[in-house]
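Open the model in your viewer and keep the selection tool at hand.

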Amino acid sequence: MEDLQERIALARTRVREIREEKAVHSRVLPYFRREAEYITDVFSWREKDLLGLSEEENRAWQDRLFGELRDDYACSFLNPDYAEKQLGTYGKVLSFVAAELNGLPAYLAEVEPITDDSAFSEKNDEETSAKINGEEPAAGEKRRNERKLLPVAAVLELFLEIYSLFLEEEHPHLASLEKAVRYYALDYVEAFEEMRAEETYVPSRNLAYHIVMEKSRGENKTDLKDTRYLYLYGEYISDNERRLAQYLEKLPEEEIRSMAETFTRGFRRGFDTMQIDFTGKNSVSIRYHIGQERLVRAVIRSFGELGLSCILHRYAVSRLNRRLVRLSGFESTPASRQFIFDHRMDDALFLTPRYASRKIGAVERAYRRLEKELRGYAGPAVIETFGEALFAPEIKESAPEWTEEETELDRRIVSETGLISEKYLPGDSFSFSIIAYPLPEIGKDFEKIFAETVRLNTLSNAEYLPVQQAMIDVLDRADHVHVTGRNGNRTDIRVKLRRLESPEKETQFENCVADVNIPLGEVFTSPVLKGTNGLLHVSFVYLNGYQFKDLAIRFADGVTADFSCGNFPDPEDGRRYILDNILFRHPFLPMGEFAIGTNTAAYKMAKTYRIFEQLPILIMEKTGPHFAVGDTCYSHAEDKKVYNPDGKEIISRENDFSLLRDTEPERAYFNCHTDITIPYDELGRVTAVMQDGKEVDIIREGRYVLPGTEMLNAYLN
């Protein structure tokens, strides 16, 4: 601890000096002065009593820490285009270093004093006093708290090392800068991965837990009625977070409790639905949007009644932990989504075979050390948000991009770390739950949309089960399903299905209502790949945080054969966009799922408030037939038998790729799954085609025509 503190103190002293120096070439001097000023600002901010500052003073600090990203990104060194223009060939490396420094507020916010008061007054929170890694809670917290200083020391020393290269030579070789970045990654990836695994799977009384549960934090107390607590996170706080917190604070306690219990009951039902033993499960991770703390507090208490301790962890801050644009953990509205997109492949600067091996080895050691905790892990509970302003990023040649060799290294990391995860945390040993609520940014009808979303999340399972079963009874007899579009939608695709050997006790489709996946409802299957052919097309869709226009994907024997979109004038830019954000750099992906979403109430909400493009996949997939590219819904759990409420076993749990899991595990999984939905107003027909060629329409011209499904049309009028 003292060594890290001393390293940071020395680095801070040197950084303060850089602000006044003129010892480097005039071309790079503005960069080093700007970053030195930023570092100084971050430490000054961290030393403030944020709860003692006024709202206006906190917002002023937000401007100093995040204003450049929010308002001035076009002329920021964080922007690869600007960095390249101002710094020439040094631009990529120096912009990466600036991006790593941009994580300092998050790192420093996490470093909290450990109080002597280790007992929590809430009865449902007592489980967090259990021993962690064989240590008493106070000792475990102290050790973790000390290690949180490591990323701070690491990134400051990288900045100073790069600066020293320019002191030694007016124009240092670019290779020298790249070497410094590679060694930064090699030196710290092991520690960063170990810390990431621990914060993801081990319950901790960390910053977020204290904020949510209103516990002692030194001399300060957090009060969720006073939204100044939001600034404690070290994240950008926008009107979204402030207004969301204020809105939730107005809701009756009974409604908050009901929302929480809808979520936690669904999580617990998932174990029963998937026949997973709940015995011995003692922890669950909650992922949420900052501003949802009142709801999260109720969720923690509800999970406590199930005997589960709650883990609240931040998204991965450093590029050493983060892959592409994924942010998994608590987060806020980004100050600049273009910034996140621009730096998605910064690891191209250090993605070498040596780095890949070290990262994979670090994950193996971290999981092995946490083997006991992983056995007790019940899964993630995710509270998604939707309604943010639509965003279609600009593709920049100045931003780092993986070569074919680096792409293959990334695939190796994903594949081998996925196998490690499966070894210590098998996919059939835990469950999950996911639910979504709107952000105020969705518009003037935010409160109405929020209330309607709450209603959608509580629709009756009993009412939808027989309706969906009527579809399954027909689909189980089909050879394939033929789906076509209308109103300009060019979809024309045939999805091959399995033939049931024992239809009296087997089924192809899962009858899915609201358990882990809220709201209800859909029926879904894993298609037979050979014989699945045709074009999937949607006029617009919002996937993985990005907007796609005129998206078209052609399948040949169940795998992606060609794809395009209309986001960019140059078709090749569109292909790269899809490759990065739907295929995740795989040369192809199989169709992992075919489903028919039945939640026409969600469709009506989207149509009434004109928010189709802003719905998350979680809800959008319930508003019509959808197709997933990537792994099946039963990924890593194919051997676990799953049954519908009628007692029939769902046999369509795998495909030609997952069948390789024992013989060629590196080829079995793609570690992604993205649903693409055709909305009803673009839907022509969904037709079950029988073995003898007879056709039975389930949906025709956007309306349900199969007997037993007519109730779903009530929301389509």
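Select serine 328 and show its surroundings: the residue touches Arg196, Arg287, His313, Arg314, Tyr315 and Ala316, leaving out residues up to four places away in sequence. Contact here means heavy atoms within 4.5 Å. This is a predicted model, in which local features need pLDDT of at least 70 and side-chain atom pairs count only at pLDDT 80 or more, while totals for chains, interfaces and linings use all residues. Residues are numbered from 1 along each chain as its sequence is written, and side-chain values use heavy atoms, with hydrogens and water left out.

Serine 328 sits in the loop between strand E4 (309–312) and helix H14 (337–342). Helices (H or I, at least four residues) and strands (E, at least two) are DSSP runs numbered from the N terminus. Is serine 328 buried or exposed? It counts as buried because its relative accessibility is 15%; the cut-offs are under 20% relative accessible area for buried, over 50% for exposed, and partly exposed in between (1.4 Å probe, protein chains only).

Now draw the distance from the serine 328 side chain to that of arginine 287: a polar contact of 3.2 Å joins them. Such a contact is a pair of N or O atoms within 3.5 Å; within protein, one must be able to donate a hydrogen and the other to accept it, and residues adjacent in sequence count only if both atoms are side-chain atoms.

Next, turn to the salt bridges, of which the structure holds 52. Each is a side-chain nitrogen of Lys or Arg within 4 Å of a carboxyl oxygen of Asp or Glu.

- Select aspartate 63 and arginine 70: their side chains form a salt bridge at 2.8 Å, N to O. Aspartate 63 is partly exposed at 41% relative accessibility, and arginine 70 is partly exposed at 32%.
- Select glutamate 364 and lysine 423, a salt bridge whose closest N and O atoms are 3.5 Å apart. This pair links distant parts of the chain, 59 residues apart: glutamate 364 lies in helix H15 (residues 353–369) and lysine 423 in helix H17 (residues 404–424). Glutamate 364 is buried at 18%, whereas lysine 423 is exposed at 56%.
- Select arginine 685 and aspartate 697, where the closest N and O atoms of the salt bridge are 2.7 Å apart. Arginine 685 is in strand E19 (residues 683–690) and aspartate 697 in strand E20 (residues 695–700), 12 residues apart. Arginine 685 is partly exposed at 32%; aspartate 697 is buried at 12%.

Finally, select Arg344, Glu397, Glu401, Asp573, Arg576, Asp580 and Arg585 together: a network of salt bridges links them.
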